[in-house]
Amino acid sequence: MSGHSKWNNIKGRKEKSDAERSKIFTKIGREIMVAVKEGGANLDSNSKLKMAIAKARQYNMPNDRINSIIKKNSEIDNSNFVEQTYEGYGVGGVAVVVKCFTDNKNRTSSDVRYAFDKFGGSLGSTGCVSYMFDTKGEIVVEKTSNFNSDDAMMLALEHNAIDCEDDEVFTIYTEPSANAVNDIVSAFEDAGYTILSSGVEMIAQNYITLNEHQRETFDKMIDKLNENDDVIDVIHNLEE
């Protein structure tokens, strides 16, 4: 999750307009498509698909739509689609990683480069900024009125968590694998906790601040990238 305030990002997600939510559903649909392409449609044997479906439900994607995407992509050949990652800098030196899933690398590369160039950024080579992030499993748990941090931490450690963070929300970090994330999610849901978000995330080691004008320009670049249906996720180290 980009930036420091996970709770603000989660609240923002819940307040998306219908148009924005439709765009998010398209991107999550691509993630489900990737998972089915790589591991098939069986949830018991495809941990990546299980994690993608959990994410879809956290965004309130209807089950009918989820099942339709799985069925469709089980029946068609998606071999022409590939995962592609782009790295670069936004205005003010903010590190940006753009994850895509595309059937036309030339088109996607051109569109991503245009977004960087138009708003004062620069697209770099593979690895130019990814070293500034740590990849971890991240599960965010809601802190309800009867939430007990010690109990939550004990449960997390019992299921091989590597770290926990107790703030406005309770965040659990795991090894960066779908299996590790799914194990924690299942344990906490079985124990009655509410999972706000979960997934394998790139987490910035340090954050950068921008002035108001720079922030406005940077936000426009992120919006432009997110308009692209080929773009699944945009990760950055801007201080929220």
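A: Met 221 is in contact (heavy atoms within 4.5 Å) with Gly 90, Val 96, Ala 115, Phe 116 and Phe 119, its neighbours within four places in sequence being left aside. The model is predicted, so local features need pLDDT of at least 70 and side-chain atom pairs count only at pLDDT 80 or more, while totals for chains, interfaces and linings use all residues. Residues are numbered from 1 along each chain as its sequence is written, and side-chain values use heavy atoms, without hydrogens or water.

Met 221 is among the residues with the most contacts inside the largest nonpolar core, as are Val 96, Val 98, Val 112, Phe 116, Phe 218 and Leu 225; this core has 19 residues. Such a core is a set of buried Ala, Val, Leu, Ile, Met, Phe, Trp, Tyr and Cys residues joined through side-chain atoms within 4.5 Å, where buried means under 20% relative accessible area, exposed over 50%, and partly exposed in between, with a 1.4 Å probe and protein chains only. At least two residues each come from β2 (95-102), α5 (105-118), α8 (212-226) and β8 (231-236); helices (H or I, at least four residues) and strands (E, at least two) are DSSP runs numbered from the N terminus. The largest share, four residues, is that of α8.

Apart from this core lies another, of 18 residues, including Ala 152, Ala 161, Cys 164 and Tyr 193. Ala 152 is also one of the buried residues of α6, together with Leu 155 and Ala 156. Seen down the axis of α6, these fall within an arc of 100° (taken from the directions from axis to C-beta atoms), so they line one face of the helix. Asp 150, Met 154 and Glu 158 are exposed on the other side. The buried residues of α6 pack against β5, β6 and α7.

Helix α6 (residues 149-158) lies across β5 and β6, at about 15° to β6; axes are lines fitted to C-alpha atoms, for helices over the stretch in contact, with angles from 0 to 180 degrees between N-to-C directions. These strands belong to an open sheet of four, ordered β5-β6-β4-β7 with antiparallel pairing (at least two DSSP bridges between two strands). Its edge strands are β5 (163-166) and β7 (195-204). Four antiparallel bridges join β5 to β6 (residues 170-174), and Glu 165 stands opposite Thr 171 in β6. Helix α7 (residues 178-190) lies across β4 (133-141), β6 and β7, at about 150° to β7.
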